[in-house]
Amino acid sequence: MTAQYTPMGKLARPGVPLIDGIDKVTGRARYTADLEHAGALVGRILRNPVSHGEILRLDVSKAREVEGVAAVITGDDCSLTYGVLPVSMNEYPLARGKVRYRGEPVAAVAAVDAATAAHALSLIDLEVRELPAYYTSANARAPDAVLLHDNKAGNLERAVHHAFGDVVAGFAAADLIREATIDCAEVNHAQIEPHAALADYDPLTGRLTMQSVSQVAYYLHLMLARCLQMDESRIHMIKPFIGGGFGARVEVLGFEIVTALLARAAQGKVLMELSREECFITHRARPQTTTRLKLGMKRDGRITACECEVVQRGGAYAGYGIITILYAGALLHGLYDIPAVKYDGYRVYTNLPPCGAMRGHGAVNARHTFEVLIDRMARELELDPFAVRRANLLKVPTRTLNDLMVNSYGLGECLERVERASGWRERRGKLPPGKGLGMACSHYVSGASKPIHWTGEPHAVVNLKLDWDGVVTALTGAPDIGQGSSTMVAIAVAKTLDLPLEQVRVISGDSELTPKDNGAYSSRITFMVGNAAIDAATKLKKILIEAAANKFTAPPEDIECAGGMFRVVHGTQSPLPFADVVKLALIDEGTISVKGTFTCPPEAQGGKHRGGAVGGTMGFSYATQVVEVSVDEATGSITVDKVWVALDCGHAINPLAVEGQIEGAVWMGFGQALSEETRYLEGLPAHASLLEYRVPTMAESPPIEVHIVESHDPNGPFGAKEASEGALAASMPALIAAIADATGIDFDQLPVTPDRLVEALVERRRRARLATSRTAAS
Amino acid sequence: MQDRPPPTKRIVRTRLNGRWREDAIADNLLLVNYLRETAGLTGTKTGCDGGECGACAVLVDGVAVPSCITLAVRCEGRSVETIEGLANGGRLHRLQLAFHERLGTQCGFCTPGMIMAAEALLRRNPHPSDADIRQALSGNLCRCTGYVKIIESVHAAADATP
């Protein structure tokens with residue numbers, strides 16, 4: 001089972017395979033749909049067929065009469081809203097009164113089998129009076145538009161207006177001022193595991209056991225207690241294996257609450273598996289975004305001012321919307337040193353499935369626009385795109401204009417690394433026709449330093465248990481959704497105690513065993529849970545050192561713990577093995593339990609202005625990408641020949657996993673750049689399958705060369721920061737720059753599909769002909 | 001469904017992971033559901049609404065097929081291999097080892113199908129090129145890895161002794 005691991009990410013050290021990897025490669029890993037569910041009822045949801053309307057009649061009596069149907073529920077069964085943000089919970093698990101998007105759940109059935117459930121759904125009589133529906137932000141914001149939510153004038157969920165620094169003076173000082181308006185299509189997470197939940201209500205004890213695909217079981221626990229009006233103590237949350245998330249499961253999803261409602265109504269166990277089409281309808285992903293950006297630049301490439309307007313087509317309900325629109329503005333800061341930034345953001349309600357958080361939450365489309373525009377301005381000023389970035393580097397430690405803390409900053413080294421590795425200086429401008437090189441930068445938070453449900457608790461808690469068998473068991477609520485967080489916890493504990501990794505076990509995500517955790521979102525786990533794990537292991541080490549010191553009759557500060565052995569520094573006594581010290585420590589004490597915590601200090605929690613907490617973090621990851629493309633002018637197909645990416649993750653706790661995360665993030669960005677796009681026909685999703693929604697296949701995915709940069713954040717666990725999201729946002733602008741380099745065409749729209757490219761090429765030829773004929777005529 | 005007659009069933013004999021078995025199988029039962037529900041082998045996954053993602057790939061007579069669009073009754077008298085049948089003698093199969101050690105798996109949901117499709121490739125082409133791998137596995141979607149380490153894993157497995 002041992003192998004020669006190759007060093008990862010151009011570091012001198014390898015990583016380790018995931019501690020749950022064997023379960024995954026053998027098929028033993030049990031995801032929600034694989035859980036034991038003998039005797040469980042099958043849950044199915046009836047979805048509304050119109051984009052916007054008033055429910056006139058919902059008659060479920062015939063469905064209830066079907067033999068084998070155990071429960072039928074509607075909006076009447078839950079009059080409480082749910083949502084991720086306490087300030088904007090405006091969605092019911094099953095619609096009440098109004099429906100606001102096509103596919104919104106209106107009723108649900110639990111039956112003995114899928115066919116019976118489907119038959120029962122077909123007998124439900126639903127009558128809806130249609131209302132005008134809006135599929136674009138502009139239409140929804142029109143003065144005479146009908147309101148989706150009565151309390152939200154102009155169908156605006158939130159308007160954000162932030163200004164920092166003197167923008168007028170900034171533009172006055174600029175040598176070049178340019179604008180761009182860029183449209184990014186809505187995309188979807190498309191995690192390969194479809195949504196599923198298994199709810200088991202025991203009528204004898206009044207307890208609910210919930211297993212689900214959630215990235216944040218704690219939110220789901222809260223919302224189940226709220227919507228089912230159950231005491232939190234009666235609910236048991238267990239996390240199975242989770243087949244990816246990327247933000248899809250950060251919010252509580254309505255179907256999860258519906259499954260629990262059905263289980264209680266049926267007084268039993270219900271398994272709900274959503275189809276792929278239903279997963280697309282559930283959505284909660286990156287919104288269609290129009291970004292209008294104006295930048296001022298000095299002749300040497302220094303940015304003097306930034307004015308940015310972002311309009312996000314948010315869909316029918318609030319979800320994460322307020323945070324998404326705040327992130328778009330907040331993360332204009334923190335990558336470069338810009339003296340003045342004005343931001344106006346508009347989150348708009350439309351009659352489409354609700355958007356939410358997706359990898360690079362909120363920041364991606366604004367960053368794309370920003371990088372694209374500075375690339376164009378660099379060209380106009382005849383500056384190298386690398387030089388423009390270098391002219392705007394931050395000096396750390398610093399606080400940004402909007403009060404974000406930056407203590408470590410490896411962007412300069414990222415630039416160096418990919419510039420050299422890609423042969424940028426030698427090759428740029430000298431590639432054969434149809435080929436191009438482009439570059440861009442990006443960054444992302446290592447965890448939101450202000451949790452959504454602010455309770456005053458630490459940001460992370462890890463418990464360690466050590467017993468007579470010598471195993472250190474780490475108990476964490478942090479959900480491993482494939483990113484390798486359980487392995488990270490194991491490494492953090494093993495490294496602190498200098499033990500072999502096999503000596504540490506991780507139990508995660510069981511509310512009866514593991515401490516509460518805020519979950520897998522905003523790339524928080526490595527920084528926060530990693531630090532809590534180190535804190536716990538340090539406390540455990542202290543206990544063991546004291547036990548060894550007693551035995552050696554030496555002061556604890558003279559005891560060294562290394563390589564699984566305890567010894568007196570400069571002493572002559574034979575060292576004690578770990579197992580012996582554990583037995584000594586257990587005398588009079590028994591099983592040892594310690595707790596480690598991590599809390600983000602107030603100075604890391606963002607600005608004091610309204611919405612200022614969004615963007616606040618302990619540290620940012622930084623990334624640079626260089627992309628090489630070939631463009632086939634006949635077919636419009638774009639081949640990404642190679643990607644060079646450097647990411648500053650502070651310190652790579654597991655270089656193998658860090659490299660894997662970077663590759664995945666870069667690749668996901670290329671999907672958004674080249675092929676991924678949701679499409680609705682009068683609100684009907686026309687993309688809702690993995691054939692229509694074009695996730696890149698292996699055939700068209702590029703080789704990715706990863707360089708890990710380590711800036712050693714002073715507060716990070718072993719100096720680490722996040723590695724999963726920061727690289728994504730550079731993919732699209734680097735690609736657009738490469739296409740511009742190859743073809744001379746500037747794209748203002750994503751994705752750049754072959755038909756859009758062909759259209760642009762035809763237009764370019766038409767203009768060239770026109771220009772030639774004009775010259776000939778004159 | 002309770003108030004309609006159930007579909008007819010027939011006795012079907014298949015060689016599942018090397019062992020012959022007989023089951024009463026409804027004519028409309030999909031192979032993926034036979035494997036997961038009748039045989040209890042949940043390693044084979046459903047990731048889409050039919051033939052889109054490759055997560056359900058299994059081998060039928062050595063050929064990778066999407067079990068979510070294959071009828072179980074079509075496997076009468078044939079050999080069916082799933083992820084659960086790969087490791088034997090207390091050792092991981094070379095593809096499993098490579099995917100584990102080289103992080104060809106992240107969330108793991110596409111992994112069983114990916115490994116079975118790769119196994120079919122290696123049986124017919126023991127030393128595939130990058131292009132061969134990309135072509136053979138292009139029907140298997142992964143959302144975590146960007147495929148880089150999957151391709152590396154397949155190469156590593158091909159280089160290892162079977």
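Me: A residue counts as buried if 20 or more other C-beta atoms, placed from the backbone, lie within 10 Å of its own, as exposed if 12 or fewer do, and as partly exposed in between. With that in hand, what makes strand β9 of chain A largely enclosed by the rest of the structure?

Reply: A quick caveat: this is a predicted model, where local features need pLDDT of at least 70, side-chain atom pairs count only at pLDDT 80 or more, and totals for chains, interfaces and linings use all residues. Residues are numbered from 1 along each chain as its sequence is written, and chains are lettered from A and ligands numbered from 1 in the order in which they are written. Now, β9(A) covers residues 196-202, and six of its seven residues are buried, so the strand is largely enclosed by the rest of the structure.

Me: And why is A:D125 counted as exposed?

Reply: A:D125 has 11 C-beta neighbours inside 10 Å, so it counts as exposed. This residue lies in strand β6 (residues 125-130) of chain A. A strand here is a DSSP run of E with at least two residues, a helix is a run of H or I with at least four, and both are numbered from the N terminus.

Me: Which residues is A:D125 in contact with, leaving aside its neighbours within four places in sequence?

Reply: Those are A:R57 and A:D59, where contact means that the C-beta atoms, placed from the backbone, lie within 7 Å. A:D59 is 66 residues from A:D125 in sequence, yet their C-alpha atoms are 5.0 Å apart.

Me: How do you know that β9(A) and β12 of chain A pair?

Reply: Two strands pair if DSSP finds at least two bridges between them. β9(A) and β12(A), residues 269-273, are joined by five bridges in the antiparallel sense, so they pass. A:A197 has A:M272 of β12(A) as its bridge partner. β10(A), residues 207-212, also pairs with β9(A) in the antiparallel sense, over six bridges. There A:D200 is partnered by A:T209, and A:A199 stands opposite A:M210. The hairpin of β9(A) and β10(A) has four residues between the strands, and A:G206 in it takes a positive phi near 70°.

Me: What makes β3 and β11 of chain A edge strands?

Reply: The open sheet has seven strands in the order β3-β5-β1-β12-β9-β10-β11 (chain A), with mixed pairing. β3 (69-74) and β11 (235-238) each pair on one side only, and that is what an edge strand does. Neighbouring strands are turned by 20° against each other on average, direction ignored. Helix α7 (residues 254-266) of chain A lies across several of these strands, including β9(A), to which it runs at about 30°; axes are lines fitted to C-alpha atoms (for helices, over the stretch in contact), and angles run from 0 to 180 degrees between N-to-C directions.

Me: How do you know that both faces of β1(A) are covered?

Reply: In a regular strand the side chains alternate between the two faces of the sheet. On one side of β1(A), A:L41, A:G43, A:I45 and A:R47 are buried, and on the other A:V42, A:R44 and A:L46 are too. That makes seven buried residues out of seven. A:G43 faces A:M272 in β12(A) and A:A110 in β5(A).

Me: Over in chain B, what are the bounds of domain 1 and domain 2?

Reply: Domain 1 is 9-85 and domain 2 is 94-159, with bounds from an automatic or database domain assignment. Their centres, taken over C-alpha atoms, are 21 Å apart. In the contact, 15 residues of domain 1 meet 13 residues of domain 2. On the domain 1 side, β3(B) gives the largest share, three residues.

Me: How many residues does each chain bring to the contact of chain A and chain B?

Reply: Chain B brings 42 residues and chain A brings 49. On the chain B side, α2 (94-101), α3 (111-124), α4 (130-136) and α5 (148-159) each supply at least two residues, and α2(B) gives the most, with four.

How values were computed:
Two residues are in contact if their C-beta atoms, placed from the backbone, lie within 7 Å.
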